[in-house]
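The following dialogue shows how several features of a protein model may be read.

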Amino acid sequence: PTDITIDSNTFSESSSSGTPIGALTARKSNGDPVSPAASFVINSAIDGLGNDRSADFAISSNDLNTNTTFEFKNTNADNITINITATRGGTTETKTKDISVSLQNAAPTVNVGSSPRSITAVSSGQSTGITITGTNGSAKTSANTNGLTFSIVSQTNSGRYTINSTTGVISAGVNLTDGMSDTLTLKVTDV
């Protein structure tokens, strides 16, 4: 083989362990696949921060797969260079090449609970007892709430409510009395 190609080089943080990233192909100098087909071995995988990520990837048949779950960080750690060797079947002919793959951010989700919600009278600055939650889209359950920011996009009565951008706790911006009716548009963002 004179080259190694991959048909896809991006994967999502929502991917579970064992998800194919892309199919590897060992190619001849004219671009055609070698025959018999090649086998592949990962020599190393290093992210953009210099961390060894070799154990995080595996090869099954000719597919490059995830071997763990990931969390998108919006840093150089999301770009990984994987050094792969292809050996043409039945021969000792090899080709080693660096393949770059990139982790992609998955959209976060927001949970506001049941709607409409009722609250009793609340003083300005006090919690309404309503908290919104979310997940960042990562399949890595230990990290799927990392990096979330909560905000109020709009409200029918401006300034009537505030939100803690880190916890999602909604508080009264003014004194609230029974019978007030408001619609809030809430947003959760991820890195």
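**Reading the model**

A: Let us begin with one residue of this predicted model. F11 has a relative accessible area of 5%, so F11 is buried.

Q: Which ring pairs involve F11, beginning with the one it forms with F57, and how is the geometry of that pair read?

A: Rings of Phe, Tyr and Trp pair if their centres lie within 6.5 Å, and planes over 60 degrees apart count as edge-to-face. By this rule there are three aromatic pairs. The ring centres of F11 and F57 are 6.0 Å apart and the planes stand at 90°, so this pair is edge-to-face. The pair links distant parts of the chain, with F11 in strand β2 (residues 10-12) and F57 in strand β5, 46 residues apart.

Q: Is F57 buried or exposed?

A: F57 is buried, because its relative accessible area is 4%. F11 also pairs with F70: the ring centres are 4.9 Å apart and the planes are at 70°, so this pair is edge-to-face. F70 lies in the loop between β6 and β7 (79-88) and F11 in strand β2, so the pair ties together parts that are 59 residues apart in sequence. Both F11 and F70 are buried. Ring pairs link F11, F57 and F70 into a cluster.

Q: How is a sheet read, and what is the order of the strands in the open sheet of four strands?

A: In general, strands of a sheet pair through backbone hydrogen bonds, either parallel or antiparallel. Here the four strands of an open sheet follow the order β1-β3-β6-β5, and the pairing is antiparallel. At the edges are β1 (3-6) and β5 (57-60), each of which pairs on one side only. On average, neighbouring strands of this sheet are turned by 30° against each other, direction ignored.

Q: How many bridges join strand β3 to strand β6?

A: Three bridges join strand β3 (residues 20-27) to strand β6 (residues 63-66), and the two strands run antiparallel. P20 stands opposite N65 in β6.

Q: How are salt bridges read, and how many are there by this rule?

A: The general idea is that side chains of opposite charge can pair when their charged atoms come close. The count for this model is six salt bridges. In one of them, K97 pairs with D3, and the closest N and O atoms are 2.8 Å apart. K97 lies in strand β8 (residues 94-104) and D3 in strand β1, so the pair ties together parts that are 94 residues apart in sequence. K97 is partly exposed, with a relative accessible area of 28%, and D3 is partly exposed at 24%.

Q: Are R53 and D47 buried or exposed?

A: R53 and D47 are both buried. R53 forms a salt bridge with D47, with the closest N and O atoms 3.4 Å apart. A network of salt bridges links D47, R53 and D56. Another salt bridge joins E93 to R88, the closest N and O atoms being 3.4 Å apart. E93 is partly exposed at 36% relative accessibility, and R88 is partly exposed with a relative accessible area of 24%.

Q: Where is E71 found, and which side chains make polar contacts with the side chain of E71?

A: E71 is found in the loop between β6 and β7. The relative accessibility of E71 is 13%, so E71 counts as buried. A polar contact of 3.3 Å joins the side chains of E71 and K73, and another, of 3.2 Å, joins the side chains of E71 and N146. Not counting residues up to four places away in sequence, E71 touches several residues, including E13, D78, L103 and N136.

Terms used
Residues are numbered from 1 along each chain as its sequence is written. This is a predicted model: local features need pLDDT of at least 70, side-chain atom pairs count only at pLDDT 80 or more; totals for chains, interfaces and linings use all residues. Side-chain values use heavy atoms; hydrogens and water are left out. Two strands pair if DSSP finds at least two bridges between them. Axes are lines fitted to C-alpha atoms, for helices over the stretch in contact, and angles run from 0 to 180 degrees between N-to-C directions. Rings of Phe, Tyr and Trp (its six-membered ring) pair if their centres lie within 6.5 Å; planes under 30 degrees apart count as stacked, over 60 as edge-to-face and the rest as tilted. Buried means under 20% relative accessible area, exposed over 50%, partly exposed in between (1.4 Å probe, protein chains only). A polar contact is a pair of N or O atoms within 3.5 Å; within protein, one must be able to donate a hydrogen and the other to accept it, and residues adjacent in sequence count only if both atoms are side-chain atoms. Contact means heavy atoms within 4.5 Å. A salt bridge is a side-chain nitrogen of Lys or Arg within 4 Å of a carboxyl oxygen of Asp or Glu.
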